[in-house]
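Work through the exercises below with the sequence and the model open. Each task is followed by its solution in steps.

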Amino acid sequence: MTANAERERFDAQVAKALGDRRLQDWLEDFQRLGQEAHVEAMGELDDKEAWRDALSELRAHTVANLDRYVDEFTANVEANGGRVFFAGDAAEAREYVLDVARGIPTKRVVKSKSMVTEEIELNGALEAAGMEVVETDLGAFIVQLTGEDPYHIIAPALHLTLEQVRDLFSRESGEDLPAEPDVLAAWARRRLREKFMTAELGISGGNFGIASTGTVVLVTNEGNGRMSTTLPGTHVAVMGVERLLPDWEGLDTALTLLTRAGTSQRISTYISAISGPRRDGDRDGPDELHVVLLDNGRSRILGTKYEPVLKCIRCGACLDHCPVYGCIGGHAYSRVYSGPIGAVITPLLEGLDAHAELPYASSLCGACVDACPARVPLTELLLALRADAVQSGLEQQSWRAGMRGYAELTARPAVWDAAVRVAGALAQPLAPGGVLRSAPGLLDKWTASRDLKTPVRRSFRRRWRESGGRVDDGRGS
Amino acid sequence: MRASLMVTCLGDALFPEVGESVVTVLRNLGVSVDFPAGQTCCGQPAFNSGYVDDARRSARAFIDAFEGSEHVVSISGSCVAMVRHHYPGLFPEGRDHARAEALAARTWEFSQFLSDVLGVESLPVTYRAAVTMHHSCHTMRMLGVREGPERLLGMVDGLDYRPLARAQDCCGFGGTFAVKMAAISAEMVERKAAHVQKTGAEVLVGLDMSCLMNIGGRLRRRGARVAVKHLAQVLADGWRIDGGAGR
């Protein structure tokens with residue numbers, strides 16, 4: 001998509017979300033409840049700041065030594081009887097999974113929720129090869145049926161109401177289903193059970209990969225992850241190459257914070273640790289295990305000022321705390337990653353020129369930084385991206401000229417003084433009460449929703465100068 | 001003790017009465033106040049928009065202006081955060097870096113100066129009004145100013161403090177964000193203004209005039225009768241002179 005088309009798509013999605021009063025109310029409620037639960041869950045830890053420090057250090061260490069841990073992880077997965085494929089980009093990853101699927105051969109694929117497979121657009125590739133692909137996480141299943149992108153990193157169907165899901169499932173089932181969560185979930189479970197039992201290939205993501213034992217760790221709540229990875233004869237796990245951990249001690253730290261930060265749970269319903277395919281004597285498990293480690297732009301970030309973004313464990317806490325996400329929801333950002341992490345990672349993975357608006361889709365309030373369990377400095381990274389956007393000439397000429405002119409003024413106090421005086425004089429007839437309800441130029445964007453305070457006739461510096469520093473009218477003692 | 005007022009660009013051109021109130025309060029507390037005339041803007045609008053070179057020009061002039069200051073006290077937490085957190089990085093080495101570090105260490109947000117430098121424990125202030133407060137993101141998160149301002153308000157006689165729901169939420173100002181992403185900013189400030197009105201407060205107090213300009217502009221547009229004031233204005237207006245009654 002061209003940069004202009006992407007900007008138009010962004011603006012259209014923002015307008016759509018802001019114009020939907022029901023959605024606005026729901027996003028406010030969702031964030032309020034989510035934040036309260038997050039604070040409580042994190043607050044249960046004896047010293048949550050020490051835990052965050054530990055996770056931040058652990059992730060920074062792993063990322064800084066990624067080549068070593070990739071080698072160790074690969075050797076251990078292979079020693080366990082699995083195979084590891086290092087995919088340089090999305091196309092390589094898709095081709096590898098397609099080859100595995102064709103080799104089985106595969107008619108039906110069941111999938112456990114995975115943002116990385118969204119990133120590489122795997123479903124479309126498998127479907128184009130004639131396979132049926134079934135998302136089995138309830139939220140992912142829902143948005144697969146609606147044909148939408150995930151709305152939230154860990155809650156893909158967050159934006160839909162119970163009634164919308166009822167209508168969707170009723171249409172799919174040909175039955176008249178009630179708007180009752182239990183009944184709807186039961187229908188989905190029956191539908192998915194048939195798919196699990198007959199799929200030849202199961203695809204999952206990977207929350208973590210443990211280098212010391214070659215283990216893929218899945219964190220899920222619905223049991224679908226375990227079904228997807230044990231029932232089909234072949235399991236392919238696709239994960240970002242940065243999602244490794246050195247060892248099981250590291251997993252303790254990472255899991256403790258992932259579930260608390262992400263879903264405000266002490267622990268998720270299921271934690272699956274997959275170390276190789278089925279062994280002799282195992283009652284279940286796939287005959288083949290493949291792990292795809294996806295680069296797709298990640299190694300380009302290593303060693304740059306953006307490296308700290310690779311500490312991210314995709315818990316989604318920054319989305320839940322971001323007031324911008326709370327207004328525009330998940331579809332404005334990009335196809336895959338939303339919220340503050342999406343505003344940072346999407347331009348880094350797909351190119352800043354294609355997503356130059358995303359780093360500016362933040363008020364830099366820092367709520368995301370406070371919420372992040374891995375201490376990813378999201379606002380600093382957004383600032384760095386903005387600086388790169390300016391350096392690369394991606395900002396409009398009018399902004400560039402305006403900023404340059406403003407800097408000139410600030411560097412010359414006498415000129416500044418005169419400019420403030422002129423602005424104050426000009427403002428008086430325009431805004432006799434000191435306030436404009438409708439402003440010219442770019443400022444009309446401000447006055448569309450707010451009154452605008454205008455410059456005063458006598459600036460502070462004039463008052464100070466003219467009173468000889470007695471601006472307090474002698475009130476000060 | 002000596003302090004230099006950092007009135008900020010907005011405070012100079014739009015809110016001179018706030019700077020005056022800071023001068024009043026500081027002088028009442030025995031601080032000698034000056035106003036370095038070389039100051040203009042800290043450069044935050046440019047820096048936060050990605051214009052690092054332009055921001056550096058502003059910052060250089062700003063550092064020059066406050067060269068001889070013992071303490072620098074500002075009416076805006078986000079401008080202090082700019083000086084404290086970003087100035088040293090703008091000048092990564094040499095004498096400029098040392099000057100930036102030194103200025104960062106002696107630059108304070110108004111309430112922070114009262115709490116942390118002056119160690120204010122009581123205030124001879126009476127202010128009879130229902131008051132709520134916006135904490136401001138950069139003041140709260142970058143400067144770590146969290147309980148101090150409410151503690152200061154707690155020293156004021158007659159003040160009816162109304163806690164603000166969702167107080168930690170950004171008001172949607174964000175500098176150029178308010179114009180570049182105007183529709184999103186508008187929804188954020190609408191939510192903030194609605195929460196402010198729900199408190200029933202007559203006065204919204206803050207520590208950063210840019211946020212207050214934003215929320216105040218929305219409150220006015222909503223037709224709300226809520227005055228917007230900097231903490232220094234409340235303290236200056238309510239200061240009991242010679243055993244007087246205050247406000």
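**Exercise 1.** Find what share of the contacts in chain A with a separation of 6 or more joins residues 24 or more positions apart.

Solution. Two residues are in contact if their C-beta atoms, placed from the backbone, lie within 7 Å. In chain A, 73% of the contacts with a separation of 6 or more are between residues 24 or more positions apart. The model is predicted: local features need pLDDT of at least 70, side-chain atom pairs count only at pLDDT 80 or more, and totals for chains, interfaces and linings use all residues. Residues are numbered from 1 along each chain as its sequence is written, and chains are lettered from A and ligands numbered from 1 in the order in which they are written.

**Exercise 2.** Describe how chain A meets chain B.

Solution. Start with the count: 57 residues of chain A are in contact with 57 residues of chain B. Next, take the elements: helix α19 (residues 397–410) of chain A gives the largest share of the chain A side, 6 residues. Helices here are DSSP runs of H or I with at least four residues, strands are runs of E with at least two, and both are numbered from the N terminus.

**Exercise 3.** State the domains of chain B and how they touch.

Solution. By an automatic or database domain assignment, chain B has domain 1 (2–116) and domain 2 (122–243). Their centres, taken over C-alpha atoms, are 21 Å apart. Across the boundary, 30 residues of domain 1 of chain B contact 24 residues of domain 2 of chain B. On the domain 1 side, α2(B) supplies the largest share, 7 residues.
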